[in-house]
Amino acid sequence: MTLVLEAAVLGVLTGGVYALMASGLTLIFGVMRIINVGHGALVVLGAYLSFAASRSLGLDPFATLVITMPVMFMLGVLLQTVFIRPLKTDREALSVLVTYAIALGIEGLLGYFFTANYVQLHAWYDTASFPVGDFRVTYVYLFGFVLCLAILGAMFLFLYRTTFGASIRATMLNRTAAQLIGIDVDRVAAVAFGIGMATAAAGGVVFGITNAFNPGSHYDLISRLLTIIVLGGLGSLRGAVIAALIMLVSEDITSVVISPVWASFTFFVILVAVLIVRPQGLYGVRVRERL
Amino acid sequence: MRRRLISAGVAALGLTLAACGGSTTPTAPAAPITIGVSISQSGDFSGDGAALKQGYDLWADDINAKGGLQGHKVTMKYVDDASSTQQVVTNYQNLITVDKVALVFGPFSSLLTIPASTVVDRYGYAFPEPAGGGPQVFTRGLKSVFFVQPAAVEDNLVSYTKWLLSLPSGQRPASVAYATQDDPFTQPQVDKAKSLLEAAGVTTAYYHVYPAETTDFTPIALQVANSKADAVILGTQLPDAVAFAKTFIQQHYNPKTIIETTGPDQGSQFSDKLGANTEGIMVPAGWTPAATAYGNDKFVSEFIAKYGGKAADISADSAEAYSVGQVVDQAAAKAGSIDNTKLIATLHTGTYNTVQGPMSFDATGKPQGGVGVYIEQWQGGNAIFVYPSSVASAQPEYPKKNWQ
Amino acid sequence: MSALLRQARVLKLGGIIAVFAVALALPAISPDPATTNIAVFTMMYVGLATAWNIMGGYTGYISLGHAGFFGFGSYTLGLLLAHLGIAAGYTPFLLVPIAGLGTAVLAVAIGWFALRTRAATFVIVTIAFMFMLQLLAENLVGLTGGGGGLSFPVPPWGGDYFNTPYYYAMLALATLALAVSWRIRRSKFGLGLLAIRDDEDKALAVGVPTRAFKLTAFVVSAALVGMIGAVYGYYVTYIYPQFVVDPLIGISMVLMVFLGGLGTLSGPVLGALILEPTQLWLAYNFGATRLYLVLYAAVFLGVILLLPRGIVPSVMELIERRRARAGPSGSTPAKVAAR
């Protein structure tokens, strides 16, 4: 029983990280109607930037975010302007290919600069833990969780309490209408992509401190992130957060109760089960989607 | 194409007949040759691919320094297989039929070695390979594959179980927790260790197989910790080897002994993630920088001279690749030729000395006899041989000290 | 005008026959194994892209999970051979249709679920199904051999001609896929599929049985991919869950279709003929520089940004413009062909 509880706690803590990464992905989808299959690579890029910064400047991994988040934001604006904006026809399908190419490019460059050896972010407290009842909770997971909550909170505040946030939400609801009322949707899209990448940087730090990673690690990440945002409902931030928690908690519990072999499978079974009942996902709006 | 190769082999034979033996200085230089290898520069196996390349390159430098392979100057040609079956199959066909390389060496992992081996066999080439030891490598009826490691994969943990059972009964672990990746490299060895230990009356506290693509190992590690077993045997690669250890540290779980199939043998790639907490972790290893095996001190010093770092940083992958070259060198000397047909016939007989110790091959290419795999343990920041005592440079540290 | 059209048709037919003749004679023209090996993989992708296009191109439903069917077909044949104890040789080729049938049955089940969703959701659901198949291949150890992989029997053929039978098997399947694709394009069923792509709700409103049509296209497409996967497994002689249910294979076929022209008959063929040899060549020659991936990504991005609609539609448009300048009529057939 303790073990199940322990797995549930762990699921919530790691779920927070996935929630952050997935909300960036779903935001990008919502604003641009593109599936960013390169999001996993962006997370890994963020992890590597933090790795480089903490190594060369001797910073704490979490502190490197002060540098990496703005850098990744700028990079996001650049990538969106150069590669995503020119896509006019077949956006959804072509964007898959374009972002996939971006992922490959990032993987190649990271391999060139950092080699393909596994690395891991390191902090002096990364193996410290404290007891809670019968089990121990690790500080790093807790810090990561708190950080993700804080950034998610900031993102929600930005989206719901600022004018620019309102334009982003308007664009997510209806791009054409937003354009008609005078919103510069291209600018909104660029900023949204930048925010998506900045959150990927934050997710990357937590990912990189709890996992050993190399440039090829993005393949494992992206399939889970995509599953999460579909479960939550494409373009729904709330959905992404809740879906991430559901997924990770049920995965970790399956791993403990049934077998680790079926843990990842549960992930996809939940998705299929939910889609049978609600094809639009948990919080998705049933829109007349067209390609 | 093959005809030309054979004639090159015959020419080499003629040249070296006069001065047979391994360390000959040929009277006249023979034609330079190229040796082709497909390695993974991207994808899942790219880390190991880089280490293999270092080992092969170092051997090529050595062999050229002493006058070449049977007088032939050696150039290595590397092509990338991106860790994909399709590309590895393409690469070996191209190396053999387009680049017309004289010899081919193996890629990383059983998963790529198996499809590559059928291609190489088809062209009558010998296929000495450093990293494909899964059971299926040897069950396909190929006569040209030679796995250049001290023991077939499934026997990797045998000496560890021997050591455990040799402990006085009061100290011997009463229970063991096992967890392994579902991988042709890791699972067979863990399963064999489990059956040996169970037969000797050691209880199994936990046993689980997890998929190779698992990314979050924490839940599994938690269960291992929760089993409170005295000993932990893990079938890992590098990322999970680190993840398990970290979770154990976080959970303050201190088993008396831990062994991981791969990871702790990867030098600095392992230690830079765990720091002082590598202390006491074991790994089955055919090779260690400190071993006194054939040419090992030379290998280690040259490796450091060429690539920098320190002895503890050298990956076993590099030593295994280097061994492939050593085996081929000796076989060529023995056959007096670099002709593949002769090499294949020669490699099936006799014993070959490598930095991993002496080895010989049976009809399927499985390493035979030999001393088998040793146990290496991290002590004071270095991985050193601790068992069997014939090769040990220190006593095994048992029980393992608590995490720091 | 009609004389011109007839002339164009004769030219086209002649061209097709010429290309097919070259394809048939290729192992005789260039028998070295390096070429025939690339030819096997290229022909494989011609078939895969054409088959994918039947679903993705005609109905507009983008499946990124076809690698699941590819792997399933491969495993079906491999397990058949292992359990029936069939020796290597030509017999395994005769069992390929059974692998196709098995894949079709699976595709009915998956399609029934997946086709409840549309657009981006459909894309991701197909990815999820692909990973489920990969995990099943990995986890059902008793059946599939799990992470140990599955060996096929190895034919005793010598290296010099080893690839030829596989080449012809791939050619036969690619031809089958093309024939099916061509037949569908000219049928009422095909028109229905195009209507679904343009506007599914309207198509339903005018009486197109959209669900049945989509499912049929999905199953046909999957069965062809499954058969090709079966031949692939027999060719590489060893399969492993992550290497055969490989997302890269799935995305490669999609890229080829987009490069050549989505929804056209010749586009996927052209895309495969250009991209697959380029990819194998790039990896072989620049792989060791580590920048191969970057180079490949750059080519990839260039193609999509410069030719977002694909080669065939872009060329057609060019011809159409020329023709429009030459005379006022004649633009309609080109437009239809470019769809």
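**Close-up views of a predicted model**

**View 1. Ser181(C) lies in helix H8 of chain C, which spans residues 163–185.** In this predicted model, Ser181(C) has 24 other C-beta atoms within 10 Å, and because the threshold for a buried residue is 20 or more, Ser181(C) counts as buried. Setting aside the neighbours within four places in sequence, the contacts of Ser181(C) are with Thr50(C), Asn53(C), Ile54(C) and Leu265(C). Met55(C), which is 126 residues away from Ser181(C) in sequence, has its C-alpha atom 9.8 Å from that of Ser181(C) in space.

**View 2. Three strands of chain B form an open sheet in the order E2-E1-E3, with parallel pairing.** The edges of this sheet are strand E2 (72–80) and strand E3 (103–105) of chain B, each of which pairs on one side only, and the twist from one strand to the next averages 25°. Between strand E1 (residues 30–39) of chain B and E3(B), the parallel pairing extends over 3 bridges, and Ile35(B) has Leu103(B) in E3(B) as its bridge partner. Helix H2 of chain B, residues 46–65, packs on the sheet and touches E1, E2 and E3 of chain B, while the direction of this helix makes about 170° with that of E2(B).

**View 3. Strand E14 of chain B (residues 374–379) is largely enclosed by the rest of the structure, because 5 of its 6 residues are buried.** Strand E10 (residues 282–285) of chain B runs antiparallel to E14(B) and is joined to it by 4 bridges, with Ala285(B) standing opposite Tyr374(B) of E14(B). Strand E15 (residues 382–387) of chain B is likewise antiparallel to E14(B), here through 5 bridges, and Glu376(B) stands opposite Phe385(B) in E15(B). E14(B) and E15(B) form a hairpin with 2 residues between them, and in the turn Gly380(B) has a positive phi of about 55°.

**View 4. Chain A meets chain C through contacts between 41 residues of chain A and 37 residues of chain C.** On the side of chain A that touches chain C, the elements giving two or more residues are helix H4 (91–114), helix H9 (218–232) and helix H11 (263–277) of chain A. Of the elements on this side, H4(A) gives the most, with 15 residues. Sorted by class, the side of chain A that touches chain C comprises 28 nonpolar, 7 polar and 6 charged residues.

Key
Residues numbered from 1 in each chain as written. Chains lettered and ligands numbered in written order. Predicted model: local features only at pLDDT ≥ 70, side-chain atom pairs only at ≥ 80, totals over all residues. Buried ≥ 20, exposed ≤ 12 C-beta atoms within 10 Å, placed from the backbone. Contact = placed C-beta atoms within 7 Å. Pairing = 2+ DSSP bridges. Axes fitted to C-alpha atoms, helices over the stretch in contact; angles between N-to-C directions. Nonpolar A, V, L, I, M, F, W, Y, C, P; charged D, E, K, R; others polar.
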